[in-house]
Amino acid sequence: MFSLALVMSYDYDSIWRRVFREPSGTPFNSMIQLEADKGIPRNPFINAGALVVTDRLLTLTGDAAGAIRGLMRLESGNPTVDIDALVAASEADHGHRNASLAHLLASYGNLENPVEDVLENYFKQCALAMTCEDLAKASLFLARHGVAAGGSPFLSPNQSKRVNAVMLTCGTYDAAGSSPTVWACRARVGWVEASSPLCPAAAPSLCGGPRWVPTATPWLASRLWMNHCPHWLVHLLAPLPTPHHFTAVLRERGITLRRCCRCCLGF
C-alpha cells in the first residue's frame, strides 16, 4: 500500500495502465490468474501487482526499498525504521514463486527493470522492521485525506480515497466479496489489509491503527481483524442519506454502535 501511494504521488494515475483495480478471486500468489490476464495483475496488492508497483517505483526513484524506508521513517517519526537484512535474505532464499511471477511479468513486457533488481527491492520492502505504533503513525496520511505527517500534501484527497477504495475492494484477495459485506453492515465502509498479520486501518479525522492477528489465511485474518477492532474505523466512500437513518437501520437489526472520540460520523 505504501509503495502504491508513493508511486501515485510521483506520477498520479499512470500505474493503472499496468495493473488492474479488480479483486483477484484467487490466492494472492496465483500464477494462473496472471497468465489468464496476459501479464496484467488484477490489483496492486497481490504479489504480481506489488511487483509491478515496486518496478515502477524503482524507475521513478532508482531505489524503491530506500524510498519506502524513507517514507516510513518520515511518517512514523521514527528514524530507526530499517530493513532487516536477515529477513530480506530469507525472503530471497525462499522467494521462488515471486521470482516466477516476476519472470512471467517480464515475459509479457510488464516490467521496466531487470527482474533481479525488482526482486531485490521487493524483498527489502517486505523486510522493513518497525513497531505497531510506527505502522499506525505511518498510515495516518490516509486518515488525513493525503496530508503527510509534516503537514504538506502527499496525496490529493481523491488519490487518498482511491487507495482506500482499492484496499476495500481488493485488499482481502479471494475474500474481497465477503469482507466488504461484513464491513458494510458494521459501518459505512473501511479498509483492511490481510496479507500480513499486521492489518492497518484508517478513519478520516479520527485515527489509524494496526491490529495483530494470528498468522492465518487472508480470509480468516480479515475476519479476526474485523471482529476485534475496537473502534469504528471507517472511510466515507459514499454517504448514506443521513447518519440518523443509518443508525436507525443498524439498531433495528440489533447492532449497537460504539462512539469514538472526535467521531466524524455524527451518531
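**Exercise 1.** In this predicted model, which side chain meets that of Arg 18 in a salt bridge?

*Solution.* The partner is Glu 112, with an N to O distance of 3.4 Å, which lies inside the 4 Å limit for a salt bridge. Finally, consider accessibility: Arg 18 counts as buried at 13%, while Glu 112, at 42%, counts as partly exposed.

**Exercise 2.** Determine which parts of the chain are tied together by the salt bridge of Asp 13 with Arg 162.

*Solution.* Begin with the distance, which is 2.2 Å between the closest N and O atoms of Asp 13 and Arg 162. Asp 13 sits in the loop between H1 and helix H2 (31–36) and Arg 162 in helix H10, so parts 149 residues apart in sequence are tied together. Asp 13 is buried, with a relative accessible area of 18%, and Arg 162 is partly exposed at 35%.

**Exercise 3.** Describe the largest nonpolar core and the surroundings of Met 72.

*Solution.* This core has 47 residues, and Met 72 is among those with the most contacts inside it, as are Phe 2, Leu 51 and Phe 141. Several helices each supply at least two of its residues, including H1 (2–11), H4 (64–76) and H10 (157–170), and H3 gives the most, with seven. Setting aside neighbours within four places in sequence, Met 72 is in contact with Phe 2, Gly 77, Val 81, Leu 128, Met 130, Leu 135 and Ala 138.

Methods. Residues are numbered from 1 along each chain as its sequence is written. This is a predicted model: local features need pLDDT of at least 70, side-chain atom pairs count only at pLDDT 80 or more; totals for chains, interfaces and linings use all residues. Side-chain values use heavy atoms; hydrogens and water are left out. A nonpolar core is a set of buried Ala, Val, Leu, Ile, Met, Phe, Trp, Tyr and Cys residues joined through side-chain atoms within 4.5 Å. Buried means under 20% relative accessible area, exposed over 50%, partly exposed in between (1.4 Å probe, protein chains only). Helices (H or I, at least four residues) and strands (E, at least two) are DSSP runs, numbered from the N terminus. Contact means heavy atoms within 4.5 Å.
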